Amino acid sequence: MRSATTPLDLLVPGPEHLPLDPAERRLAELYAASPGDGPSVRANFVSTVDGGAWGPDHRSGSIGDDADWRVFRVLRAAADVVLVGAGTARHEGYTALDRPRDLPGADRPLELALVTRSGRVPQQLADGDRPPLVLTGEAGAATARRMVPADRVVAVASAHDPDEVDLRAGLAALAERGLPGVLCEGGPTLLAAMLADDLVDELCVTTSPCLVGPGPSRIVAASPAGAPGEEPRPAGIPASPPTPARLAHLLHAPGSGTLLARWLLR
Ligand SMILES: NC(=O)c1ccc[n+]([C@@H]2O[C@H](COP(=O)([O-])OP(=O)(O)OC[C@H]3O[C@@H](n4cnc5c(N)ncnc54)[C@H](OP(=O)(O)O)[C@@H]3O)[C@@H](O)[C@H]2O)c1
């Protein structure tokens, strides 16, 4: 039974204004990673007000704005490795990554790790002089080794299907390579799998002040078939009860109305 007794804080307009700062010191403090052992995974996504994960060009950039970009750069500056699904790398044209040059720590390399079942590394990444790390299963590893040097292929096959990727093992392998701080930039298929395996510590979500109508996926893709062994259930019904999320902060861009939230899932 619900009751109407939850206190509410009015966050917007908030009590603190963040002036423009080329070094983004205050934003970096706000998004500082929570200290802990082992891999820490932060996902960063943008969504329209009506829940769309991309715009008419099938890219997320067309629903993001300058406010989103400001936080996007700070999160990249804080990460050891950016993790993306192969679909995002293909649609968004990912190439080897550099940290934002004007933010602290810019001289540290920023690794890109690609998750792919097929092992098909997008050509622009395979051809580049800094190929990504490729997290994949057995069959995918054979394909990926034809596209990138073998030491960039991390075969982390799942126990129940050797061609599937064991994402938890993939994160452990990244941590073993000195890359414990993971920033997952997409896409919806990868985020769905990461959440299903309870691997995401926090979710940064920009709500973009626009609607795109039906068509695009949400930031968490629907599973077309459900998990192996799962009982069939009516379409549109979640497999599990809601996961609680705790708001760490909410930023508001007064010009555009864009909202930027940091949600902690632990
Ligand atoms: N709104 C946002 O913040 C945001 C962020 C990122 C992307 N996007 C948009 O999302 C769209 C792409 O969506 P998407 O769901 O296709 O992206 P995605 O998750 O990046 O790509 C899906 C592909 O990645 C690989 N993959 C993902 N999860 C996997 C897993 N658990 N195991 C093995 N392989 C896995 C597979 O690649 P293989 O086919 O090679 O096996 C799969 O086909 C684009 O339009 C992009 O612009 C939006």
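A: Let's start with Glu16, which is partly exposed at a relative accessible area of 42%; here buried means under 20%, exposed over 50% and partly exposed in between, using a 1.4 Å probe and protein chains only. Bear in mind that this is a predicted model, where local features need pLDDT of at least 70 and side-chain atom pairs count only at pLDDT 80 or more, while totals for chains, interfaces and linings use all residues. Residues are numbered from 1 along each chain as its sequence is written, and side-chain values use heavy atoms, leaving out hydrogens and water.

Glu16 forms a salt bridge with Arg26, their closest N and O atoms being 2.6 Å apart. This pair links distant parts of the chain, as Glu16 lies in the segment before helix H1 (25-30) and Arg26 in H1, 10 residues apart. A salt bridge here is a side-chain nitrogen of Lys or Arg within 4 Å of a carboxyl oxygen of Asp or Glu, and helices (H or I, at least four residues) and strands (E, at least two) are DSSP runs numbered from the N terminus. Arg26 is partly exposed too, with a relative accessible area of 33%.

Arg26 has another partner: Glu29 forms a salt bridge with Arg26, the closest N and O atoms being 2.8 Å apart. Both lie in H1, three residues apart, about one turn of the helix. Glu29 counts as exposed, at 53% relative accessibility.

Glu185 is buried, at 9% relative accessible area, and Arg76 is buried at 13%.

Strand S6 (181-186) also brings us to your helix: S6 is among the elements covering the buried residues of H7, as are helix H6 (167-176) and strand S1 (40-48), where contact means heavy atoms within 4.5 Å. The buried residues of H7 (188-196) are Pro188, Leu190, Leu191 and Met194. They cover an arc of only 155° around the axis, which puts them on the same side of H7; the arc is that of the directions from the helix axis to the C-beta atoms. The face turned away from this buried side carries the exposed Thr189 and Ala196. After H7 comes Asp198, whose phi is positive, near 55°.
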